[in-house]
Amino acid sequence: MVMSPKELRTHIFSTIICKVEEQDEDKRMEALNEFMAITGTGGSAPEKVINLIPPIMHELYEKWITLFIDRLLETVDAQNVELLCDGADSNNAALVLAYVMFLESARMEKQIDQDLKEHGLQASENNDLGNLAADYIRAQMAKITEKTDEDEVAGNA
């Protein structure tokens with residue numbers, strides 16, 4: 001079955017956004033508190049950062065996923081992308097992993113920093129919290145990669 005470009009985009013987007021946003025609020029707060037403990041940040045920082053992240057993250061994730069899809073379809077033949085869009089767990093994991101690798105590129109590091117600044121997360125008076133939020137986002141992306149790798153290994157066992 002040949003997928004249209006719109007179908008490819010829809011599948012890739014829904015696969016990634018589901019993975020990125022699958023944490024419920026309790027899990028998010030727990031992960032943020034763990035992250036703060038590791039970084040030595042205490043006090044009310046987790047609550048402040050968690051209040052910064054929810055309003056903007058869905059919008060930014062949508063933007064970053066769309067940038068990923070655009071780049072993927074620019075650089076990879078549509079027939080090859082279609083092979084990854086069959087719904088198989090291993091192919092969904094490969095899409096998520098490719099997305100995380102895309103986020104780790106120098107180009108996206110700059111884009112993420114710029115987007116966070118535009119959303120006021122790295123304004124001078126709020127620089128520490130903004131940097132903390134950016135670090136947290138990166139740590140969560142690393143966890144998604146790790147979980148995706150674990151899920152893929154378990155699926156192949």
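Glutamine 111 is placed in helix 6, where helices (H or I, at least four residues) and strands (E, at least two) are DSSP runs numbered from the N terminus. The model is a predicted one, in which local features need pLDDT of at least 70 and side-chain atom pairs count only at pLDDT 80 or more, whereas totals for chains, interfaces and linings use all residues. Residues are numbered from 1 along each chain as its sequence is written, and side-chain values use heavy atoms, with hydrogens and water left out. Glutamine 111 counts as buried because its relative accessibility is 19%, the classes being buried under 20% relative accessible area, exposed over 50% and partly exposed in between (1.4 Å probe, protein chains only). When residues up to four places away in sequence are not counted, glutamine 111 touches Lys63, Trp64 and Leu67, a contact being heavy atoms within 4.5 Å.

The protein chain contains 7 helices and 0 strands, which gives the pattern α-α-α-α-α-α-α when read along the sequence. Of its 157 residues, 38% count as buried, and the accessible surface of the chain comes to about 8800 Å², with 53% of this belonging to carbon and sulfur atoms; these areas come from the Shrake-Rupley method with a 1.4 Å probe, and for residues only the protein chains shown count as cover. Among contacts in the chain with a separation of 6 or more, 77% are accounted for by residues 24 or more positions apart.

Helix 1 (residues 5–20) has 16 residues and reaches 22 Å from its first C-alpha to its last, close to the 22 Å expected at 1.5 Å a residue, the expected span being 1.5 Å times one less than the number of residues. Its buried residues include Leu8, His11, Ile12, Ile16 and Val20. For helix 5, the 15 residues should span 21 Å at 1.5 Å a residue, and its end C-alpha atoms are 21 Å apart, which agrees; Leu95, Val96, Tyr99 and Phe102 are among the buried residues of this helix.

Cysteine 85 is buried because its relative accessible area is 6%, whereas cysteine 18, at 51%, is exposed. The structure holds 0 disulfides, a disulfide being a pair of cysteine sulfur atoms within 2.5 Å.

A search of the whole structure finds 3 salt bridges, defined by a side-chain nitrogen of Lys or Arg within 4 Å of a carboxyl oxygen of Asp or Glu. Arginine 9 pairs with aspartate 70, with the closest N and O atoms 2.7 Å apart, and this pair links distant parts of the chain, arginine 9 in helix 1 and aspartate 70 in helix 3, 61 residues apart. Aspartate 115 and lysine 63 meet in a salt bridge at 2.7 Å, N to O; because aspartate 115 lies in helix 6 and lysine 63 in helix 3, the pair ties together parts that are 52 residues apart in sequence. Aspartate 115 is buried, at 1% relative accessible area, whereas lysine 63 is partly exposed, at 31%. Arginine 71 and glutamate 74 meet in a salt bridge at 3.1 Å, N to O, and are separated by about one helical turn because they are 3 residues apart in helix 3.
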